[in-house]
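Here's a quick tour of a protein model, put together for someone just starting out. Have a look at the structure first, then read on.

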Amino acid sequence: MELNDIYDSEGKDGIENKAAFEKMPRILQYFISSQQKLLTERVKKMVSRRFGEAGINDLVKTSGFRSVFVNSRHRGVPDSLHLWGCAADFSKRGVFSNQPIPVCPELQVIDGGDCWHVQFRRP
């Protein structure tokens with residue numbers, strides 16, 4: 001999965017995510033796409049400030065928008081922000097192996113062991 005991808009498009013999960021995404025009204029597709037772009041750009045900006053180019057090279061997005069089916073298969077909570085494109089997961093590798101991912105104040109990070117779940121803060 002590339003940093004700018006909206007959803008995982010590889011393997012079985014990707015088929016379910018793509019089908020669910022394409023069935024949505026265009027305005028909702030636009031919302032999800034723009035939220036994924038905004039979230040990823042904010043993470044990239046903070047990573048770049050702290051780790052430079054090495055941080056950007058090690059930043060791997062593993063999940064973005066998830067369909068309800070895929071979210072339940074990943075044991076996601078029923079009100080997961082992945083369902084609206086307002087969350088993404090990034091793997092912990094390279095310079096991040098033993099470090100917290102730097103983010104901006106409006107983002108919340110949950111350390112999942114082998115990845116970080118990054119989402120917009122809920123009000």
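## The covered strand

Strand S2 is mostly covered, with 5 of its 5 residues buried (buried means under 20% relative accessible area, exposed over 50%, and partly exposed in between, using a 1.4 Å probe and protein chains only). Helices (H or I, at least four residues) and strands (E, at least two) are DSSP runs, numbered from the N terminus. This is a predicted model, where local features need pLDDT of at least 70, side-chain atom pairs count only at pLDDT 80 or more, and totals for chains, interfaces and linings use all residues. Residues are numbered from 1 along each chain as its sequence is written, and side-chain values use heavy atoms, with hydrogens and water left out.

**S2 and the sheet**

- In a regular strand, side chains alternate between the two faces of the sheet.
- In S2, Ala 87, Asp 89 and Ser 91 point one way while Ala 88 and Phe 90 point the other, and all are buried.
- The sheet is an open one of 4 strands in the order S1-S2-S4-S3, with antiparallel pairing (two strands pair if DSSP finds at least two bridges between them).
- Strand S1 (61–63) and strand S3 (107–111) sit at the edges with a single partner strand each, so one side of each has no neighbour in the sheet.
- From one strand to the next, the twist averages 35 degrees (axes are lines fitted to C-alpha atoms, for helices over the stretch in contact, and angles run from 0 to 180 degrees between N-to-C directions).

**Who pairs with whom**

- S1 and S2 (residues 87–91) run antiparallel and are joined by 2 bridges; here Lys 61 stands opposite Phe 90 in S2.
- S2 also pairs with strand S4 (residues 115–120), in the antiparallel sense over 5 bridges, and Ala 87 has Gln 119 in S4 as its bridge partner.
- S3 and S4 pair in the antiparallel sense over 5 bridges too, with Gln 108 opposite Gln 119 in S4.
- The hairpin of S3 and S4 has 3 residues between the strands, and Gly 113 takes a positive phi near 90 degrees there.

**Loops and an edge residue**

- Most residues other than glycine have a negative phi, and most peptide bonds are trans.
- Arg 75 isn't a glycine, yet it has a positive phi of about 60 degrees.
- You'll find Arg 75 in the loop between helix H3 (68–73) and S2, where it is exposed with a relative accessible area of 77%.
- Arg 93 belongs to the loop between S2 and S3 and is partly exposed, at 39% relative accessible area.
- Arg 93 and Asp 114 are 21 residues apart along the chain, and their C-alpha atoms are separated by 8.3 Å.
- Asp 111 is in strand S3 and counts as partly exposed at 49% relative accessibility.
- The C-alpha atoms of Asp 111 and Gln 99 are separated by 10 Å, with the two residues 12 apart along the chain.

**A bent helix**

- Helix H2 (residues 26–58) has 33 residues, but its end C-alpha atoms are only 33 Å apart, short of the 48 Å a straight helix would reach at 1.5 Å a residue (the expected span is 1.5 Å times one less than the number of residues).
- At Phe 51, H2 bends by about 135 degrees (the bend is the angle between axes fitted to the seven residues ending there and the seven starting there).

**Aromatic rings**

- Rings of Phe, Tyr and Trp (its six-membered ring) pair if their centres lie within 6.5 Å, and planes under 30 degrees apart count as stacked, over 60 as edge-to-face and the rest as tilted.
- By this rule there are 2 aromatic pairs.
- Tyr 7 and Phe 21 make a tilted one, 5.5 Å centre to centre with 45 degrees between the planes.
- Tyr 7 lies in the segment before helix H1 (11–23) and Phe 21 in H1, so this pair ties together parts 14 residues apart in sequence.
- Both Tyr 7 and Phe 21 are buried, and together with Phe 65 they form one aromatic cluster.

**Cysteines**

- There are 0 disulfides in the structure (a disulfide is a pair of cysteine sulfur atoms within 2.5 Å).
- Cys 115 is in no disulfide, and the nearest cysteine sulfur, that of Cys 86, is 18 Å away.
- Cys 86 is buried, with a relative accessible area of 11%.
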